[in-house]
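Trainee: I have this model open and would like a close look at one part of it, not a tour of the whole. Please pick a part, stay with it, and give the cut-off behind each term you use.

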Amino acid sequence: MISMARVNAVPQPDLVLIYWSRNPLVPGSARRIQSVRVIGNTSPCTFTLVPGARLINALNCLLDNDIGFKVVYRHKTSAISGVLLLKRK
């Protein structure tokens with residue numbers, strides 16, 4: 001008889017990739033979400049991660065200490081656009 005060892009899956013982190021841009025015709029305009037990719041769960045902030053929504057509202061929710069996301073990568077792709085990667089364990 002062959003004994004099978006019990007294998008536990010390692011929990012994977014939740015990831016959120018956000019592409020954002022601002023209106024180039026309006027100086028100082030708010031950064032807005034262009035697209036979002038989620039691996040895992042973004043609850044309770046899912047409602048803030050929609051195209052056209054203000055980026056600051058999504059970040060305020062995700063970066064809250066009780067939610068637990070951290071920015072792990074930030075890159076401005078141009079003067080008016082960029083990408084953010086957030087991770088939660």
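Mentor: Start with Leu85, which counts as partly exposed because its relative accessible area is 25%. The classes here are buried for under 20% relative accessible area, exposed for over 50%, and partly exposed in between, computed with a 1.4 Å probe and with protein chains only. The model is predicted, so local features need pLDDT of at least 70 and side-chain atom pairs count only at pLDDT 80 or more, whereas totals for chains, interfaces and linings use all residues. Residues are numbered from 1 along each chain as its sequence is written, and side-chain values use heavy atoms, with hydrogens and water left out.

Leu85 sits in strand 4, and that strand is the part to follow. Strands are DSSP runs of E with at least two residues, helices are runs of H or I with at least four, and both are numbered from the N terminus. By that count the protein has 1 helix and 4 strands, in the order β-β-α-β-β along the sequence.

Now the surroundings of Leu85. Setting aside neighbours within four places in sequence, Leu85 is in contact with Leu15, Val16, Leu17, Lys70, Val71, Val72 and Tyr73, where contact means heavy atoms within 4.5 Å.

In contrast to the partly exposed Leu85, Val83 is buried, at a relative accessible area of 9%. Not counting residues up to four places away in sequence, Val83 touches Leu17, Ile18, Tyr19, Trp20, Tyr73, Arg74 and His75. Val36 is 47 residues from Val83 in sequence, and their C-alpha atoms are 9.7 Å apart.

Next comes Arg88, the other residue of strand 4 to examine. The side chain of Arg88 forms a salt bridge with that of Asp14, at 3.1 Å from N to O. This pair joins distant parts of the chain: Asp14 is in strand 1 (residues 14-21), Arg88 is in strand 4 (residues 81-88), and 74 residues separate them. A salt bridge here is a side-chain nitrogen of Lys or Arg within 4 Å of a carboxyl oxygen of Asp or Glu. Side chains of opposite charge can pair when their charged atoms come close. Searching the whole structure gives 1 salt bridge.

Both partners, Asp14 and Arg88, are buried; for Asp14 the relative accessible area is 15%. The side chain of Asp14 also reaches the backbone nitrogen of Asn41, at 3.0 Å. Apart from neighbours within four places in sequence, the contacts of Asp14 are Ile39, Gly40, Asn41, Phe69, Leu86, Lys87 and Arg88.

Arg88 has another partner in Thr42, which touches Val16, Leu49, Phe69 and Arg88 when residues up to four places away in sequence are not counted. Thr42 is in the loop between strand 2 and helix 1 and is buried, with a relative accessible area of 4%. The Thr42 side chain makes a polar contact with the side chain of Thr46, at 2.8 Å. A polar contact is a pair of N or O atoms within 3.5 Å; within protein, one must be able to donate a hydrogen and the other to accept it, and residues adjacent in sequence count only if both atoms are side-chain atoms. That loop also holds Pro44, and the peptide bond joining Ser43 and Pro44 is cis, with omega about 5°.

In helix 1 (residues 55-62), the buried residues are Leu55, Ala58, Leu59, Cys61 and Leu62. They lie on the same side of helix 1 because they cover an arc of only 160° around the axis, the arc being that of the directions from the helix axis to the C-beta atoms. Their cover includes strand 1, strand 2 (32-39) and strand 4.

For context, 29% of the 89 residues of the protein count as buried. Of the contacts between residues at least 6 apart in sequence, 40% join residues at least 24 apart. The C-alpha atoms fill a box of roughly 75 × 25 × 20 Å along the principal axes.
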